[in-house]
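Hi everyone, thanks for coming. Let me put it up on the screen.

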Amino acid sequence: MRKKLIPFAYANSLFEVDPSFFVSCGVKTVFLDLDNTLAPYSVSHPDEKTKEMINHLKEAGIRCFVTSNNRGKRVHIFCEELGVERASMMAKPFSFKLKKLMASEGIKPEEAMLIGDQIQTDVKAGNGAKVRTLLLEPLDPNDEPPWTRFNRLFDRPKRKKMAKLGLLKPWKEA
């Protein structure tokens, strides 16, 4: 298994992760994927559960940054309503835009974590930028665009193999 594809930790959902986990890891900034990490693909506004989670992270002193491959109005509206910073068109799985963002914002890789639901995009981009990654299960695997469904053809077998090899370390044990 290629090291760039192995996440630092794994969780079923962001909503099960206690903000103290990030604090104990020395994380000061979380880069959050939007689609199927914070909300299903077709949801254009954050729900109360998402707002509450973001508020808990902020209360713990963690800077929240949505880093999405998505573009346009949805990312803007979602982030405005959450009161978080955003960067769209991130070109994940490539890490160059994430590295550039961290450099411009003064974010140290060892103080950041990228959180997302895809190995091929989120984990690969985070690991490429030397940022720890938290892999999640997609919130609604039936609500995805065709290109993400295509990526899942590669994602599912990798998850199974990592689980079998003990490479998906639960966040509580990381």
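Let's begin with β5: five of its five residues are buried, so this strand is largely enclosed by the rest of the structure. Buried here is under 20% relative accessible area, exposed is over 50%, and partly exposed is in between, with a 1.4 Å probe and protein chains only. Both faces of β5 are covered, with A112, L114 and G116 buried on one side and M113 and I115 buried on the other.

A word on where this comes from: it is a predicted model, where local features need pLDDT of at least 70, side-chain atom pairs count only at pLDDT 80 or more, and totals for chains, interfaces and linings use all residues. Residues are numbered from 1 along each chain as its sequence is written, and side-chain values use heavy atoms, with hydrogens and water left out. As for the labels, helices (H or I, at least four residues) and strands (E, at least two) are DSSP runs, numbered from the N terminus.

Now, who sits beside β5? On one hand, β2 and β5 pair in the parallel sense over four bridges, and F31 has L114 as its bridge partner in β5. On the other hand, β5 (residues 112–116) runs parallel to β6 (residues 132–136), and four bridges join them. Within that pairing, L114 is partnered with T133 of β6, while M113 stands opposite R132. To get from β5 to β6, the chain passes through helix α5 (residues 119–128), and this β-α-β crossover is right-handed. Right-handed means that, with the strands pointing away from the viewer, the path from the first strand over the helix to the second runs clockwise.

Let's zoom out to the sheet. It is an open sheet of six strands in the order β1-β6-β5-β2-β3-β4, with parallel pairing. Its edge strands are β1 (9–11) and β4 (85–87), each of which pairs on one side only. Pairing, by the way, requires that DSSP finds at least two bridges between two strands. On average, neighbouring strands of this sheet are turned by 25° against each other, direction ignored.

Back to T133 for a moment, in strand β6. Is T133 buried or exposed? With 1% relative accessibility, T133 counts as buried. Setting aside neighbours within four places in sequence, T133 is in contact with residues including F8, M113, L114, D122 and N127. Contact here means heavy atoms within 4.5 Å. With N127, there is also a polar contact from side chain to side chain, at 3.4 Å. A polar contact is a pair of N or O atoms within 3.5 Å; within protein, one must be able to donate a hydrogen and the other to accept it, and residues adjacent in sequence count only if both atoms are side-chain atoms.

So what about that partner? N127 is in helix α5 and is buried, at 18% relative accessible area. A polar atom of the N127 side chain lies 3.0 Å from the backbone oxygen of K4. Not counting residues up to four places away in sequence, N127 touches K3, K4, L5, I6 and T133.

Next, the helices at the other end of the strand order. Helix α3 (residues 73–82) lies across β3 (63–67) and β4, running at about 160° to β4. Helix α4 (residues 96–105) packs on the sheet too, touching β2 (29–32), β3, β4 and β5, and its direction makes about 150° with that of β3. For those angles, axes are lines fitted to C-alpha atoms, for helices over the stretch in contact, and angles run from 0 to 180 degrees between N-to-C directions.

Which residues of α3 are buried? They are R74, V75, F78, C79 and L82. Seen down the axis of α3, these buried residues fall within an arc of 120°, so they line one face of the helix. That arc is taken from the directions from the helix axis to the C-beta atoms. Their cover includes α2 (48–59), β3 and β4, whereas the face turned away from the buried side carries the exposed residues K73 and E80. After α3 comes G83, with a positive phi near 70°.

N36, in the loop between β2 and α2, has a positive phi of about 65° although it is not a glycine, and N36 is buried at 2% relative accessibility. A91 is not a glycine either, and has a positive phi of about 60°. A91 lies in the loop between β4 and α4, and is partly exposed, with a relative accessible area of 26%. Thanks, everyone!
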